[in-house]
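Here is a short tour of a protein chain, written for reading alongside its sequence and structure. Please keep both views open as you go.

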Amino acid sequence: MDDNEIVSEEVLQAMGISEAVLEEVVCIVGRRPKIDELGTLLAMWEANGRQQSLLGWLRGQRHTTERHDYLYAGGDALHKEIREPRVRECVDLAHRLMETISLPAGEHYQVQQGSLLYMVGDVSSVFLGSDYAVSCLHLSDTPMDFADDSERREYTDMILSALRDNAIVTDWRTIGEGGLFAALTAFCGGADGHRYGFDVLTCREVRLDAFLFGEEPGRYVLALAEENDNLFVEKFNEAGLNCCFLGRATKGRVLIDGMDFGDISEFQSIQDKK
């Protein structure tokens, strides 16, 4: 069977996938799954140690978030009907995002296939005044003011530069316009002499679109070799900074929560045409 083939009823029955389980998979994928997508979800369940039933575990894959007043209590009725996109829908949102922003050209980063990827800074569910926030979420104003925390940023820059100088971290980049997704695209896709992709898992405690496309300032993505992982975490704890493990740089595919967003070249080509 082709990995891209939609799973038939007969195959689902042979795999012991009930209708209730299939409905949950459809909620995650956004349509009837292909065999490779179903295989990825089952592998993730296996890796979780089967501590829950398959149905219970799948239901836990939905993203959840607190209902922020600025997002849901606006005067416009649209504010109250904002549905969090499924992972599959974020593929189209990512392409749209790359068409509306411009990443700096000619950037080169020291990233290797298999490098560990971390996000530095707080995991945030805050949407700022990006194109996505305005055109898709109908947010016309920045929801909250951020203090000018230049001293904090300078301190973080100093720590990251020291870790790079001591070969603990291979390279790093700030998260800006386009949020984490755009930063990872520029970071891994701008590797010196190569175009790597990334395979990351998102944080279940915040909205999926905010995690990927939110533009809260003061955050970074970085890469390091696996053998430096424990030392990096130790040094970061000593420095009193927060970080979140994301995943790894890949040969060229972009994978988010097991969903294939396509090859990194697809997103880079959008930028190259500008």
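Which residue forms a salt bridge with glutamate 226? The partner is arginine 248, and the closest N and O atoms of the two are 3.2 Å apart. A salt bridge here is a side-chain nitrogen of Lys or Arg within 4 Å of a carboxyl oxygen of Asp or Glu. Glutamate 226 sits in the loop between β4 (220-224) and α11 (229-239), while arginine 248 belongs to strand β5 (residues 243-250), so the pair ties together parts that are 22 residues apart in sequence.

A word on the ground rules. This is a predicted model, in which local features need pLDDT of at least 70 and side-chain atom pairs count only at pLDDT 80 or more, whereas totals for chains, interfaces and linings use all residues. Residues are numbered from 1 along each chain as its sequence is written, and side-chain values use heavy atoms, with hydrogens and water left out.

**The chain as a whole**

The protein chain has 12 helices and 7 strands. These are DSSP runs numbered from the N terminus, with helices (H or I) of at least four residues and strands (E) of at least two. Of the 274 residues, 47% are buried. Buried means under 20% relative accessible area, exposed means over 50%, and partly exposed lies in between (1.4 Å probe, protein chains only). The chain exposes about 13700 Å², and carbon and sulfur atoms supply 47% of that area; accessible areas come from the Shrake-Rupley method with a 1.4 Å probe, and for residues only the protein chains shown count as cover. Among contacts (heavy atoms within 4.5 Å) between residues at least 6 apart in sequence, 80% join residues at least 24 apart.

The structure holds 5 salt bridges. Arginine 253 takes part in a bridge with aspartate 260, where the closest N and O atoms are 3.0 Å apart. Arginine 253 also meets aspartate 263 in a salt bridge at 3.9 Å, N to O. Through shared partners, Arg253, Asp260 and Asp263 are joined into one network.

The table gives the accessibility of residues from these bridges.

| Residue | Relative accessible area | Class |
|---|---|---|
| Glutamate 226 | 48% | partly exposed |
| Arginine 248 | 33% | partly exposed |
| Arginine 253 | 37% | partly exposed |
| Aspartate 260 | 31% | partly exposed |
| Aspartate 263 | 23% | partly exposed |

β6 and β7 run antiparallel and are joined by 4 bridges; two strands pair if DSSP finds at least two bridges between them. Arginine 253 stands opposite aspartate 263 in β7, and these two side chains also meet in a salt bridge. The two strands form a hairpin with 2 residues between them, and aspartate 257 in the turn has a positive phi of about 55°.

Strand β6 also pairs with β3 (residues 197-200): the two run parallel, with 3 bridges. Here aspartate 199 stands opposite leucine 255. Which residues of β6 lie on its covered face, and which on its uncovered one? Val254 and Ile256 are on the covered face, whereas Arg253 and Leu255 are on the uncovered face.

**An aromatic cluster**

A search of the whole structure finds 9 aromatic pairs. Rings of Phe, Tyr and Trp (its six-membered ring) pair if their centres lie within 6.5 Å; planes under 30 degrees apart count as stacked, over 60 as edge-to-face and the rest as tilted. Why is the pair of phenylalanine 181 and phenylalanine 261 tilted? The ring centres are 6.1 Å apart and the planes stand at 35°, so the pair is tilted. Phenylalanine 181 lies in helix α9 (residues 179-189) and phenylalanine 261 in strand β7 (residues 259-263), 80 residues apart. Phenylalanine 181 is buried at 1% relative accessible area, and phenylalanine 261 is buried at 2%.

Phenylalanine 181 also forms an edge-to-face pair with phenylalanine 267, at 5.2 Å centre to centre and 75° between the planes. Phenylalanine 267 lies in helix α12 (residues 264-272), so its pair with phenylalanine 181 in helix α9 ties together parts 86 residues apart in sequence. Phenylalanine 267 is buried, with a relative accessible area of 0%. Ring pairs link Phe181, Phe261 and Phe267 with Phe198 and Phe213 into a cluster.
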